[in-house]
Amino acid sequence: MEKKESLLKVENLNIEFLDKKVPQKVVTDFNLTIGYGERVGLVGESGSGKSLSALTVAGLLTKRKDVAIQGEIHFAGHDDFLFMDEKELCKLRGTDIGMIFQEPMTSLNPVKTIGWQVEESLRIHTELSKEERRERAMEALRGVGLSDTERIYASYPHELSGGQRQRVMIAAAMVHKPKLLIADEPTTALDVTIQAQIMELLKEINEREHTAILFISHDLHLVRSLCSQVLVMKDGRVVEAGSADDVFYAPKDSYTRKLVSAIPKFEREKKEVPQFDKGSDEQAETVLSVSDLNVWFDKRAGGLFGKKETMQVLHDVSFSIREGEIVGLVGESGSGKSTIARTILGVNQKYQGTVIHADAHPQMVFQDPFSSLNPSKTIGWILEEPLKNFTKDDKKQRQEKARAILRRVGLDEEYLFRYPKELSGGQRQRVCIALALILNPKFFIADEAVSALDVTIQAQILELLKELHEELGNAILFISHDLRVVYQLCDRVLILNQGRIVEQGTVEEIYKNPKEEYTKLLLRSAKY
Amino acid sequence: MKQVIKKIITTVLTLVIVSFLLFLAFELIPGDPARAKLGTDATPEQIAALRAQMGLDRPLLERYVTWLFAFFTGDFGTSYSYSMPVGEMILDKLPITVTLTLMAFCMTVIISIPLAILMAKHEGGITDSILSAINQVIMAVPPFFSGILLTLFFGVLLKLFVPGDFVSYDVDMGKFLSYLFFPALAIALPKIAMAVKMLKSSLLAEMKNDYTKTAYSRGNDTSGVLYKHVLKNAFLPVLTFFGMALADIFTGSIVVEKVFNIPGIGRILMTSISNRDYPVVEAIIMMMALVVIVTNLCVDLIYRKMDPRITVE
């Protein structure tokens, strides 16, 4: 191969969607250089064009007819990468370029064995025999830190855990030892402890195999932990590029500054309203008390004779929330967080123990603002519904209340007549919060309420929650997997692991001085 | 394996329940077979005597159990109107209907799968548009009408076969099969159209899944992604349809047998119903129920084989 300093050089890349009435430019003048063995991060929020740029670099976009691409890409001695025909591109994909994606479950074919999928690149691109392929696949599986490779080789994707699946994805991408590995949000769908492991693995692979990595993420913090160079994208343009530390500590562009400041950090302002979080204040009314909560789920095998199996998902969960308190409930997927929420709401009726709350109709803000609002009703109708059901207000009073609460969450009155689909994600989440507050509850639940939002929007919604809390003083059970967000917002925190509360206390106590191993692990992982 | 056995036991139980309901239904239908057999001028004594002879005077449950056991030992009773064993009557005509069913089913599978793949591959193109339009029309035409059209076109106009000139399988196998070709096609056409529509939309939906992106990233071209990754996934929901289609073709061949003048099971069923020949009707309905239930069982078992996610449950 001829001497080249850089592995990948993208020059003035422009991408346009042609399927709309007016062609829509989604990426403008994108430039990127990656050297052999380098780790480069590409950061941006949803719709910034980061994934599209990455797909183009992977040669996955050029075959689409509804997309117009201009520019130049030089990759590993191929100067006409963008305009290579499909056949030539196929030869590069899976050999010199490997790619992994956000959701390892759906990115693997559900009806093929892991072995088959890991070997696929070899089957397509090499003449290796069956035994040699198997050998290489095993090696790749061991290379991503999987033990028990014999079993995993013969397994199907659904039989593995989320972390294992992403390792398998990496193994499959690495099996042909590519020069460039493109990782598109590879840890976003994973739990925080698994995320830390995958990041560690990517670093290790880069150092061992000297594979360059293009790491795409919305999480600037995460990108900085892996990459030396960072590009920040917004609305299809690169707004800032430079070394990771420069971008993080001395951002030049205003958007980057906003992005950096929106990242929840392990620091918090002193509470201005201390009257709510006096731990010693026995006077404060308890708005929620949960004691000895045990929940079992029935797992029934199909058919007439299926044996009934029960699985305990919550073990002796006890906690209480006092008036005006924000309590964080932290746990990874499958820890039972949502079961606690569902039980408090009364959706889950099968439990042992006692749940006492001050409000007759506890409200909840859900994770996904896109699916939790009825798409066929106006915002006004949605907001008035709880009033119709639970109060004797007449139409005028209801409308007045809806208008007031909408203003309170920072939306204009005109939104009363809009439909959910006309609103952005952040606006919808504001509506959801308004909906939870309209009955003026003493307490509501926010279940991963900011997890689905872009980081700048997330910061706005967190700010709104803080403001509302200071003003209205309602208690919140804030369920989240994100320790940093919890640190910023909450007074106390409960750590949930496999259905048990392993540790609880004030945020300062837990974060500064965790006692349990699991809490320590969570905090270590979250610092990534 | 244990689950498969459970599944089979459930299937047998379902059959028993169906048989009881069927037996009960014939009890509740107004009209007395004995009276029907003897005609309107029979005396009450004559009818009572015949009822006793036919066993109709015994309690319901007893008769059901006897009937069921006889059924499982292959004794389907005696036809009221022809006074010959029902088993013989059916067995004689069964190969005709089974052949017709299998021919129609094979046509459905063999034609629909490649057609759906072709259309999915060139989605939105001119081939796809034309085929989709034709497909839509065919789907709307019921088999008896397409049967008439086929008879007109291939029989009367092109003279590829002589309508009504049915030759039984024990006389000339070749002529038998070639006569059944067009009836089978008439039955298969709407099924093909349905299957194509389902499989095509299933293929297109699967093509949008994340794993296809992974497949492309490993160096597959579109054909590779389609055949090696998408097809098996896309086929899963269509499998149920094929199962239903098979059962449906078997039980629904009556009308087409009538149009093409084929002396199959359908024809016996029609005459037996109008003659109140209950043992024959019962036997045929039981057989159809059996086909439906066994087909469902087979579809379930094939699912287990094809979709690794099912066995965990």
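**Reading notes on a predicted two-chain model**

1. Asp29(A) is a friendly place to start: its relative accessible area is 38%, so it counts as partly exposed (buried is under 20%, exposed over 50%, partly exposed in between, with a 1.4 Å probe and protein chains only). Asp29(A) sits in strand β2 of chain A, residues 24–35; strands (E, at least two residues) and helices (H or I, at least four) are DSSP runs numbered from the N terminus. Its phi is near 45 degrees, a positive value in a residue that is not glycine. Most residues other than glycine have a negative phi.

2. A word on the ground rules: this is a predicted model, in which local features need pLDDT of at least 70 and side-chain atom pairs count only at pLDDT 80 or more, while totals for chains, interfaces and linings use all residues. Residues are numbered from 1 along each chain as its sequence is written, chains are lettered from A and ligands numbered from 1 in the order in which they are written, and side-chain values use heavy atoms, leaving out hydrogens and water.

3. Lys159(B) also has a positive phi, about 55 degrees, without being a glycine. You will find Lys159(B) in the loop between α7 and α8 (173–207) of chain B, where its relative accessibility of 63% makes it exposed.

4. Where do the chains meet? In all, 26 residues of chain B are in contact with 33 residues of chain A (contact means heavy atoms within 4.5 Å). Ser217(B), Arg218(B) and Pro308(B) supply 25% of the area that chain B buries against chain A, more than any other three residues; buried area is the accessible area (1.4 Å probe) that two parts lose on being put together, summed over both. Together the chains bury about 2600 Å², with 58% of it on carbon and sulfur atoms.

5. One salt bridge is found across this interface (a side-chain nitrogen of Lys or Arg within 4 Å of a carboxyl oxygen of Asp or Glu). Arg218(B) and Glu120(A) form a salt bridge, at 2.9 Å from N to O. The pair joins two chains, because Arg218(B) is in the loop between α9 and α10 of chain B and Glu120(A) in helix α4 of chain A. Arg218(B) is buried at 4% relative accessible area, and Glu120(A) is buried at 0%.

6. Within chain B, Lys200(B) and Asp128(B) form a salt bridge with their closest N and O atoms 3.0 Å apart. This pair links distant parts of the chain, 72 residues apart: Lys200(B) in helix α8 and Asp128(B) in helix α6 (residues 126–140). Both residues are buried. Over all chains, the structure holds 34 salt bridges.

7. Asp248(B) and Lys191(B) make another salt bridge, with closest N and O atoms 2.4 Å apart. Here too distant parts are linked: Asp248(B) is in helix α10 and Lys191(B) in helix α8, 57 residues apart. Asp248(B) is partly exposed at 39%, whereas Lys191(B) is buried at 17%.

8. Finally, have a look at Glu119(A), in helix α4 (residues 114–125) of chain A. Its relative accessible area is 5%, so Glu119(A) is buried. Leaving aside residues up to four places away in sequence, Glu119(A) touches Arg133(A), Arg134(A), Ala137(A) and Tyr153(A). A polar atom of the Glu119(A) side chain lies 3.5 Å from the backbone nitrogen of Arg134(A).

How values were computed: Polar contact = N/O pair within 3.5 Å; in protein donor to acceptor, adjacent residues only side chain to side chain.
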